[in-house]
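Thanks for asking me to look this one over. My notes are below as numbered points, so that you can go through them with the coordinates open.

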Amino acid sequence: MRTLSLPLALTARISPVLVLAAAGWVLTSGPATTPAAEKEPAPQSADESPSGASTAAASKQYAAAPAPCGSIATATLKSLVPGAKTAGKEIPSTDTSLRRTCSWNALKGYDYRWLDVSFEITESDAAAAKSYKENTTEKSGGGSVPGVGDAGYSVVNLTTEDKQQTREGVVIIQASNALVTVTYNGSDFESKKAPSTDEINKGAIKAAKEAVAALESGQKA
């Protein structure tokens, strides 16, 4: 038997390896670039995708209700509710992150005053606007309060029971996804008369402006 020369023997040994290697390269490699028709589309950013748009639309400016008893200045409380404890009393709520109310009331001599400040946090601006519209429709006969929040409404009503008059003012403010409601009323138990419409209306609006300022300054999400 004739022995193969070294170059030929070496070639015979490594040829199968080269063939297999070449076959493997063909199987595992492809064109240097993928055809444009086969390229996967780039993922959309949050701003471009429908879900991103929905998230942006449903974003909330206010995440929680502020502490209502700290929303009105001490000087204002002493003026609106003479004799009341300025610390106020917070009304129990089933969910204090969404709804909180503080109340002040006092009888000084024969004059009685009551003030409530309430914050409600809704899911969106649209939800707050809907609630605002419903509440203001129920309390017809008032007027707008310009220059505070996104929308403001004030109404004053007089009631009489057993010849005793009570005049009550309600101010409702929508500020983004939050609703601020102020109720202020008073009676004179000596004269049986109620404070003037102007006094009650101005007092309620003053308290509402301070409450909205407290909301805007410290409760942004």
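1. Leaving aside neighbours within four places in sequence, which residues is Ile205 in contact with? Val145, Ser154 and Val171 are the partners. Please keep in mind throughout that this is a predicted model. Ile205 sits in helix H5 and counts as buried, because its relative accessibility is 18% and the cut-off is under 20%. Val170 is 35 residues away from Ile205 along the sequence, with 8.5 Å between the two C-alpha atoms.

2. Before going further into details, a word on confidence. The mean pLDDT of the protein is 81, and 72% of the residues reach 70 or more. Residues 1-57 have a pLDDT below 50, and in the model this stretch has six contacts beyond near neighbours in sequence.

3. Now the overall layout. There are five helices and seven strands in the protein. Their order along the sequence is α-α-α-β-β-β-α-β-β-β-β-α. Taking contacts between residues at least 6 apart in sequence, 57% join residues at least 24 apart. Of the 221 residues, 33% count as buried.

4. The buried residues of H5 include Ile200, Gly203, Ala204, Ile205, Ala207 and Ala208. Further along H5, Glu210, Ala211, Val212 and Leu215 are among the buried ones too. What do the buried residues of H5 pack against? Their partners are helix H3 (74-80) and the strands S3, S5, S6 (164-175) and S7.

5. Ala204 gives a close-up of that packing. This residue belongs to helix H5 and is buried, because its relative accessibility is 0%. Not counting residues up to four places away in sequence, Ala204 touches Gly169, Val171, Val182 and Tyr184. For the pair Ala204 and Tyr184, the separation is 20 residues along the chain and 5.6 Å between C-alpha atoms. Val171 is also a contact of Ile205.

6. Ser154 is worth a look from the strand side. Its place is in strand S5 (residues 151-161). Is Ser154 buried or exposed? Ser154 is buried, because its relative accessibility is 7%. The side chains of Ser154 and Asn201 are joined by a polar contact of 2.4 Å. As a colleague who likes to look at distances, I would have that pair on screen while reading this point. Apart from neighbours within four places in sequence, Ser154 is in contact with Gly142, Gly143, Val145, Val170 and Val171, as well as Asn201 and Ile205.

7. Aromatic pairing is quickly described: the structure holds one aromatic pair. Tyr112 and Phe189 have ring centres 6.2 Å apart and planes at 40 degrees, so the pair is tilted. Tyr112 lies in strand S3 (residues 111-121), while Phe189 lies in the loop between strand S7 (178-188) and helix H5 (197-218), so the pair ties together parts that are 77 residues apart in sequence. Phe189 counts as partly exposed, because its relative accessible area is 37%.

8. Most residues other than glycine have a negative phi. Which phi does Asp162 have? Its phi is near 55 degrees, a positive value in a residue other than glycine. Asp162 is in the loop between S5 and S6 and counts as exposed, at 70% relative accessibility. Lys163 is not a glycine either, and its phi is positive, about 70 degrees. Lys163 is placed in the loop between S5 and S6, and this residue is exposed, with a relative accessible area of 72%.

Conventions. Residues numbered from 1 in each chain as written. Predicted model: local features only at pLDDT ≥ 70, side-chain atom pairs only at ≥ 80, totals over all residues. Heavy atoms only, no water. Helix = DSSP H or I, 4+ residues; strand = E, 2+ residues; numbered from the N terminus. Buried < 20%, exposed > 50% of the residue type's maximum accessible area, 1.4 Å probe, protein only. Polar contact = N/O pair within 3.5 Å; in protein donor to acceptor, adjacent residues only side chain to side chain. Contact = heavy atoms within 4.5 Å. pLDDT = per-residue confidence, 0-100. Phe/Tyr/Trp six-rings, centres within 6.5 Å; stacked < 30°, edge-to-face > 60°.
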